[in-house]
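Dear colleague,

I am passing on a structure that I have been looking through, and below it you will find notes on what turned up.

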Amino acid sequence: MFKNAEMSDFDIAFDFIEKLWDYNTYDRDKTKAVYQRVLEDENTFAFFLVEDGDYKGFCHGAYFDTFWMTGQTCYVSSLITREDERCKGYGAQMLDQAAKLAKERDCKAMVLDSGLPRTTAHKFYEDYGFDKGCYGFDLVF
(Lines give C-alpha, C1' and ligand atoms only; values in the text may rest on other atoms or scores of the structure.)
Protein backbone atom coordinates (compact mmCIF):
# COMPACT_ATOMS: atom_id res chain seq x y z
CA MET A 1 0.00 0.00 0.00
CA PHE A 2 1.24 3.47 -0.79
CA LYS A 3 0.85 6.21 1.79
CA ASN A 4 1.34 9.83 0.84
CA ALA A 5 3.94 11.38 3.09
CA GLU A 6 2.65 13.69 5.80
CA MET A 7 4.43 15.88 8.35
CA SER A 8 3.62 13.31 11.03
CA ASP A 9 5.82 10.84 9.06
CA PHE A 10 8.92 13.03 9.19
CA ASP A 11 10.81 10.87 11.71
CA ILE A 12 10.33 7.82 9.49
CA ALA A 13 11.44 9.71 6.36
CA PHE A 14 14.45 11.13 8.21
CA ASP A 15 15.50 7.62 9.24
CA PHE A 16 15.37 6.46 5.60
CA ILE A 17 17.33 9.51 4.43
CA GLU A 18 20.07 9.14 7.05
CA LYS A 19 20.54 5.45 6.32
CA LEU A 20 20.89 5.81 2.54
CA TRP A 21 23.20 8.79 2.53
CA ASP A 22 25.15 7.80 5.64
CA TYR A 23 28.21 9.72 4.44
CA ASN A 24 26.31 12.99 4.99
CA THR A 25 25.53 14.67 8.27
CA TYR A 26 21.97 15.96 8.41
CA ASP A 27 20.67 18.85 10.43
CA ARG A 28 17.29 17.56 11.59
CA ASP A 29 15.58 20.97 11.58
CA LYS A 30 16.85 21.90 8.10
CA THR A 31 15.86 18.50 6.74
CA LYS A 32 12.42 18.88 8.30
CA ALA A 33 12.01 22.28 6.63
CA VAL A 34 12.91 20.76 3.24
CA TYR A 35 10.49 17.88 3.90
CA GLN A 36 7.72 20.38 4.66
CA ARG A 37 8.41 22.35 1.47
CA VAL A 38 8.31 19.13 -0.54
CA LEU A 39 4.93 18.23 0.92
CA GLU A 40 3.56 21.70 0.15
CA ASP A 41 4.85 21.87 -3.44
CA GLU A 42 2.37 20.79 -6.11
CA ASN A 43 5.28 19.90 -8.41
CA THR A 44 6.67 17.24 -6.07
CA PHE A 45 5.58 13.92 -4.66
CA ALA A 46 6.60 11.92 -1.61
CA PHE A 47 5.18 8.60 -0.50
CA PHE A 48 5.96 5.52 1.55
CA LEU A 49 5.46 1.86 0.73
CA VAL A 50 3.78 0.31 3.77
CA GLU A 51 3.14 -3.39 4.25
CA ASP A 52 1.31 -4.70 7.32
CA GLY A 53 1.95 -1.38 9.10
CA ASP A 54 5.71 -1.59 8.43
CA TYR A 55 7.33 1.16 6.36
CA LYS A 56 9.33 -0.64 3.66
CA GLY A 57 10.44 2.30 1.53
CA PHE A 58 10.32 6.00 0.77
CA CYS A 59 10.15 7.71 -2.61
CA HIS A 60 10.34 11.40 -3.47
CA GLY A 61 10.54 13.26 -6.72
CA ALA A 62 9.59 16.32 -8.72
CA TYR A 63 8.05 17.29 -12.03
CA PHE A 64 9.62 19.95 -14.22
CA ASP A 65 9.58 21.18 -17.80
CA THR A 66 12.50 20.27 -20.02
CA PHE A 67 13.42 21.21 -23.56
CA TRP A 68 15.00 17.75 -23.83
CA MET A 69 11.57 16.10 -23.69
CA THR A 70 9.61 19.17 -24.79
CA GLY A 71 7.39 18.90 -21.77
CA GLN A 72 7.21 17.53 -18.28
CA THR A 73 9.85 15.17 -16.92
CA CYS A 74 9.65 13.30 -13.62
CA TYR A 75 12.84 13.25 -11.57
CA VAL A 76 12.98 10.57 -8.87
CA SER A 77 15.17 12.21 -6.25
CA SER A 78 14.92 9.56 -3.53
CA LEU A 79 14.14 5.86 -3.81
CA ILE A 80 15.04 4.24 -0.52
CA THR A 81 14.39 0.81 0.93
CA ARG A 82 15.83 -0.49 4.15
CA GLU A 83 19.05 -2.40 3.52
CA ASP A 84 17.61 -5.62 4.98
CA GLU A 85 14.50 -5.26 2.78
CA ARG A 86 16.29 -4.91 -0.56
CA CYS A 87 15.77 -7.38 -3.42
CA LYS A 88 12.20 -8.05 -2.31
CA GLY A 89 10.47 -6.02 -5.04
CA TYR A 90 9.78 -2.91 -2.96
CA GLY A 91 11.94 -0.64 -5.12
CA ALA A 92 10.16 -1.79 -8.28
CA GLN A 93 6.78 -1.23 -6.65
CA MET A 94 7.76 2.33 -5.74
CA LEU A 95 9.10 3.01 -9.25
CA ASP A 96 5.82 1.65 -10.65
CA GLN A 97 3.94 4.12 -8.45
CA ALA A 98 6.25 7.01 -9.41
CA ALA A 99 5.76 6.12 -13.10
CA LYS A 100 1.99 6.04 -12.60
CA LEU A 101 2.08 9.49 -11.03
CA ALA A 102 4.34 10.77 -13.82
CA LYS A 103 2.01 9.46 -16.53
CA GLU A 104 -0.94 11.11 -14.78
CA ARG A 105 1.00 14.40 -15.09
CA ASP A 106 1.65 13.66 -18.78
CA CYS A 107 5.41 13.38 -18.22
CA LYS A 108 7.43 12.30 -21.23
CA ALA A 109 10.17 10.60 -19.19
CA MET A 110 11.19 9.55 -15.71
CA VAL A 111 14.83 10.10 -14.75
CA LEU A 112 17.01 9.51 -11.71
CA ASP A 113 20.62 9.45 -10.73
CA SER A 114 22.61 7.12 -8.54
CA GLY A 115 26.02 7.45 -6.92
CA LEU A 116 28.90 5.83 -8.78
CA PRO A 117 29.71 3.28 -6.02
CA ARG A 118 26.11 1.97 -5.96
CA THR A 119 26.61 -0.68 -8.64
CA THR A 120 23.92 -2.99 -7.26
CA ALA A 121 21.40 -0.14 -7.54
CA HIS A 122 22.59 0.55 -11.09
CA LYS A 123 21.86 -3.06 -12.09
CA PHE A 124 18.41 -2.78 -10.49
CA TYR A 125 17.63 0.40 -12.48
CA GLU A 126 18.83 -1.15 -15.72
CA ASP A 127 16.82 -4.32 -15.06
CA TYR A 128 13.79 -2.10 -14.41
CA GLY A 129 14.23 -0.54 -17.86
CA PHE A 130 16.24 2.64 -17.31
CA ASP A 131 19.02 3.43 -19.79
CA LYS A 132 22.28 5.09 -18.82
CA GLY A 133 21.59 8.39 -20.53
CA CYS A 134 24.20 10.73 -19.17
CA TYR A 135 26.81 11.45 -16.55
CA GLY A 136 25.67 13.39 -13.53
CA PHE A 137 27.77 16.23 -12.20
CA ASP A 138 27.57 17.94 -8.81
CA LEU A 139 28.77 21.39 -7.86
CA VAL A 140 28.29 21.60 -4.10
CA PHE A 141 28.39 24.99 -2.36
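To begin with charge, the protein carries 17 positive and 26 negative side chains, and the centres of these two sets lie 1 Å apart. Please keep in mind that this is a predicted model.

As for the fold, the protein contains 4 helices and 5 strands, and read from the N terminus its elements follow the order β-α-α-β-β-β-α-β-α. With a radius of gyration of 15 Å, close to the 14 Å that the globule rule gives for 141 residues, the protein is as compact as a globular protein of that length. The C-alpha trace spans about 35 × 35 × 30 Å along its principal axes, and of the contacts with a separation of 6 or more, 56% are between residues 24 or more positions apart.

Is Lys-56 buried or exposed? Its relative accessibility is 9%, and because buried means under 20%, Lys-56 counts as buried. The side chain of Lys-56 makes a polar contact of 2.9 Å with that of Asp-54, and another polar contact, also of 2.9 Å, joins it to the side chain of Glu-85. Beyond its neighbours within four places in sequence, Lys-56 is in contact with several residues, including Phe-16, Leu-49, Ile-80 and Tyr-90.

Key: Residues are numbered from 1 along each chain as its sequence is written. This is a predicted model: local features need pLDDT of at least 70, side-chain atom pairs count only at pLDDT 80 or more; totals for chains, interfaces and linings use all residues. Side-chain values use heavy atoms; hydrogens and water are left out. Buried means under 20% relative accessible area, exposed over 50%, partly exposed in between (1.4 Å probe, protein chains only). A polar contact is a pair of N or O atoms within 3.5 Å; within protein, one must be able to donate a hydrogen and the other to accept it, and residues adjacent in sequence count only if both atoms are side-chain atoms. Contact means heavy atoms within 4.5 Å. Helices (H or I, at least four residues) and strands (E, at least two) are DSSP runs, numbered from the N terminus. The radius of gyration is taken over C-alpha atoms; the globule rule is 2.2 Å times the number of residues to the power 0.38. Lys and Arg count as positive and Asp and Glu as negative; His and the chain ends are not counted. The place of a charge is taken as NZ of Lys, CZ of Arg, CG of Asp or CD of Glu.
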